[in-house]
Structures are given as C-alpha cells and as structure tokens.
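Keep the viewer open as you read.

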Amino acid sequence: MSDWSKRNARAMLRELRQHGLAGAVRLTDFAGEDLRGQVFDNTDDLVGADFHGADLRETTFTGVDLSGANLSGCRLDGADLDRATLVDADLTGVSLDRASLIGANLTDARLEGTSWRRTRVAAAQFTD
C-alpha cells in the first residue's frame, strides 16, 4: 500500500471511529513510509507498531502510546513526542534532532546510536 493510500486509510478510519464503526481495525505497519508532517493522536492504536526506517520528520505524536513500537532507523527530526509513551520502544539509530520529548516516558526504550541535537527532554522519564 502506498504512503498516500495509508494516509487516506488513516483518515477514513478516524472518521469511521467517530461514528462507532471500525473499532477493531488497526494500522500498524508503517515501515519505510514517508509520513512527514502527519498527526497521530491518542485515538490511533500504535502499541507495537512497526515504523522502522520511516521518515517521520515534523510528525506529531503528542500523548500517543508507542509502547513496544519499532522506530529503529527512523528520522524523527523536529517531531513532537511530548507526553508520548515509548516504554520498551526500539529507537536504535534514530535521529531526534530538534524533536520535543517533554514529559515523554522512555522507560526501557532502546536508545543506542540515537542523535539528540537540540532535543527538548524536560521531565522525560528514562530507565535508571
């Protein structure tokens, strides 16, 4: 499915859910896709989703639960991950330059090889 097809499918799912339909349908395979500037919110069920290698620059995940998600190799430059839950997420090799993770929960997240230039992390939670 193309990037634009996935964007359209997400929009349709969001509309259907507002009317109590498509409750059990989940989109979780976003590997390698161009999702620059997309807005995900807490109605998107992204627990365990696969985003590895995706372009997520300037994408919004404010308050979204990404527990156990595979974000390895992603570009998250300028992304908004404020108050996001990234417990046990794989962020190996991710570029988080200029991203905002204010109040994010990164407990047990894999962070090897990440880039953090000018990243905002106030009140973020990390594993001791």
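Confidence in the chain is lowest in helix H1 (residues 3-18), with a mean pLDDT of 66, and highest in E1, at 98; pLDDT is the predictor's confidence in each residue, from 0 to 100. Across the chain the average is 89, and 80% of the residues score at least 70. This is a predicted model, so to speak of local features requires pLDDT of at least 70 and side-chain atom pairs count only at pLDDT 80 or more, while totals for chains, interfaces and linings use all residues. Residues are numbered from 1 along each chain as its sequence is written, and side-chain values use heavy atoms, with hydrogens and water left out.

The chain has one helix and two strands, and from the N terminus on the order is α-β-β. Helices (H or I, at least four residues) and strands (E, at least two) are DSSP runs, numbered from the N terminus.

Now for the interior. Of the 128 residues, 40% count as buried, meaning under 20% relative accessible area with a 1.4 Å probe and protein chains only (exposed is over 50%, partly exposed in between). In soluble globular proteins, nonpolar side chains tend to be buried together. Here the largest nonpolar core has 29 residues; such a core is a set of buried Ala, Val, Leu, Ile, Met, Phe, Trp, Tyr and Cys residues joined through side-chain atoms within 4.5 Å. Leu46, Phe51, Leu56, Phe61, Leu66, Leu76 and Leu81 have the most contacts inside this core.

The whole structure holds six aromatic pairs, where rings of Phe, Tyr and Trp (its six-membered ring) pair if their centres lie within 6.5 Å, with planes under 30 degrees apart counted as stacked, over 60 as edge-to-face and the rest as tilted. Phe51 and Phe61 form an edge-to-face pair, 5.8 Å centre to centre with 85° between the planes. Both residues lie in the loop between H1 and E1, 10 residues apart, and both are buried. Phe30, Phe40, Phe51 and Phe61 form one aromatic cluster.

Finally, look at Ala124, in the loop between strand E1 (105-106) and strand E2 (125-126). Its C-alpha atom is 5.7 Å from that of Ile102, 22 residues apart along the chain. Beyond residues up to four places away in sequence, Ala124 touches Leu101, Gly103, Ala104 and Leu106.

Methods:
Contact = heavy atoms within 4.5 Å.
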